[in-house]
Amino acid sequence: PPPPPPPPPSASGQRRASAVGVHWQPIPGHKIAGTIWSGDSDKKVDLAFDVDKLQAMFSAAETTTRKKSHKHKHKKERDSGDCALVFLSVKKANNVAIVLSRFKGKLSADAIVDALGTFDTDALSADDVSCLTPILPRPDEISAARRLSADAVTVLSPPERFMHSLSQVDDLERRVSVLELMHSFHTQCRVVGSQLQYVLDASVQVRESKPLRHILQLVLEIGNALNSAANSSRLGGGHAVGFRLDGLLKLRGILAFDRKTTLLDYLAAAVREQAPELANFMDSIPAVPAAARVDWEATLAEAHICIRKFELAVAQRDQGGDSLHLNQFVDSAETVVQDLGELTAKCGDTFREVLTLFAEDPKQTTPETFFKVLVQFHGNFMDAHKAQRTLPLPPVESPVSERKEKKEKKEKKEKKDKKEKKEKKDR
């Protein structure tokens, strides 16, 4: 049947709102034949309905639905406007949001910015500062943020509003660096100072230790006695007046004729029998084990870093000068830096005196290597001392006498053979 005629215009002459359409896909007319839509198989059911009322009803429904839909759409747009990013990447904005959530209920974004501006270490802990450091705005983000108008700032998402506020802080990265050092400075200086003190104490103890000198003198005498028999000029010919400290570590590798007893065993036995008070020579240098664990170069580098950090804080104070927290920090740190510098110089001078005393090369010997030799030698010596190995009796003929006798016999035989050969020739 033909479609119903369109409804007449309203009495007011205004155009009625269009009805809601049914969004289906029509079947082409030439495909109707033989389908349920042809009307041939079933009797048509006539429905009586008011077209005008139907259209008016769904026009009204459309209006209501569209208003609701429009309202919902407006809300969605507004929400996305809150999250719409102007100068941050999605990843950066997410990271900033995560950091801000850490401060929720503790500090507002504005309070964080204020604390950065005033170097308030009470408001921002060391952990807080370390969380902020990775999300600081880059130079390009700072430039983009500063170009925004006041109206544009009001519609920024929370992460970007926070980044915009940070971008207004002058020397932001340096301020954060100063805050970091304000938190870590005193602890770092204490650690460095303790390392330097270990080396200083060990140097003084080694320089003053009489038991250590006696042990070294005993080693020298035993070594000279052996070298005189070996008659080696390279080893001092038994007349050496001293030796490099690392020679102490070679005593354990020098074996007696039984191939078991070492020269260190001999030394331990000599100390045990003749000077037992020297067995605990390490008691006179108790700081040496701790000093042997000090990385000298790294410690000096850390001391230099502490001084450079202090200079950075002073420069920031001189530039701003209005932060009570920063001024108090500089005042307290000044004495610490001065003491650290004096300790570093005293430690280096004292250790060089020890190297001179032991005739060691200052260019090749660090506190770490020097004190490690003493620690290792003490460990080896105590092992031999506790073992209490019984020294083997030397053979009736010592190896040296035996070699000398063989040499004399050989020379005598050669002389006799030569004489006989000459007499035979004369005949």
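Which residue forms a salt bridge with arginine 102? The first close-up gives the partner.

**Close-up 1. Arginine 102 pairs with aspartate 128.** The closest N and O atoms of this salt bridge are 3.2 Å apart. A salt bridge here is a side-chain nitrogen of Lys or Arg within 4 Å of a carboxyl oxygen of Asp or Glu. Arginine 102 lies in helix 2 and aspartate 128 in helix 4 (residues 126-132), so the pair ties together parts that are 26 residues apart in sequence. Helices are DSSP runs of H or I with at least four residues, numbered from the N terminus. Arginine 102 is partly exposed, at 38% relative accessibility. Aspartate 128 is buried, at 1%. Buried means under 20% relative accessible area, exposed over 50%, and partly exposed in between (1.4 Å probe, protein chains only).

The model is predicted: local features need pLDDT of at least 70, side-chain atom pairs count only at pLDDT 80 or more, and totals for chains, interfaces and linings use all residues. Residues are numbered from 1 along each chain as its sequence is written, and side-chain values use heavy atoms, with hydrogens and water left out.

**Close-up 2. Glutamate 141 forms a salt bridge with lysine 92.** Their closest N and O atoms are 2.8 Å apart. The pair links distant parts of the chain, 49 residues apart. Glutamate 141 sits in helix 5 (residues 139-146), and lysine 92 in helix 2 (residues 90-102). Is glutamate 141 buried or exposed? Glutamate 141 counts as buried, at 2% relative accessibility. Lysine 92 is buried too, with a relative accessible area of 10%.

**Close-up 3. Arginine 138 also forms a salt bridge with glutamate 141.** Here the closest N and O atoms are 3.0 Å apart. Arginine 138 is partly exposed, with a relative accessible area of 42%. Salt bridges that share partners join Lys92, Arg138, Asp140 and Glu141 into one network. The count for the structure comes to 13 salt bridges.

**Close-up 4. The largest nonpolar core has 89 residues.** Such a core is a set of buried Ala, Val, Leu, Ile, Met, Phe, Trp, Tyr and Cys residues joined through side-chain atoms within 4.5 Å. Those with the most contacts inside this core are Leu124, Phe162, Val206, Phe370, Phe371, Leu374 and Phe381. Helix 8 (residues 172-208) gives the most to the core, with 14 residues. What does valine 206 touch? Its contacts (heavy atoms within 4.5 Å) include Leu212, Ile285, Val288 and Val354, not counting residues up to four places away in sequence. Phe358, Phe370, Phe371 and Leu374 are also among them.

**Close-up 5. Phenylalanine 358 and phenylalanine 370 form an edge-to-face aromatic pair.** A search of the whole structure finds 8 aromatic pairs. Rings of Phe, Tyr and Trp (its six-membered ring) pair if their centres lie within 6.5 Å; planes under 30 degrees apart count as stacked, over 60 as edge-to-face and the rest as tilted. This pair is 5.5 Å centre to centre, with 80° between the planes. Phenylalanine 358 is in the loop between helix 13 (324-357) and helix 14 (367-387), and phenylalanine 370 is in helix 14. Both phenylalanine 358 and phenylalanine 370 are buried. Phe351, Phe358, Phe370 and Phe371 form one aromatic cluster.

**Close-up 6. Phenylalanine 377 and phenylalanine 381 form a tilted aromatic pair.** The centres are 6.2 Å apart, with 40° between the planes. Both residues lie in helix 14, 4 residues apart, about one turn of the helix. Phenylalanine 377 is buried at 0% relative accessibility. Phenylalanine 381 is buried as well, with a relative accessible area of 0%.

Note on methods
Helices (H or I, at least four residues) and strands (E, at least two) are DSSP runs, numbered from the N terminus.
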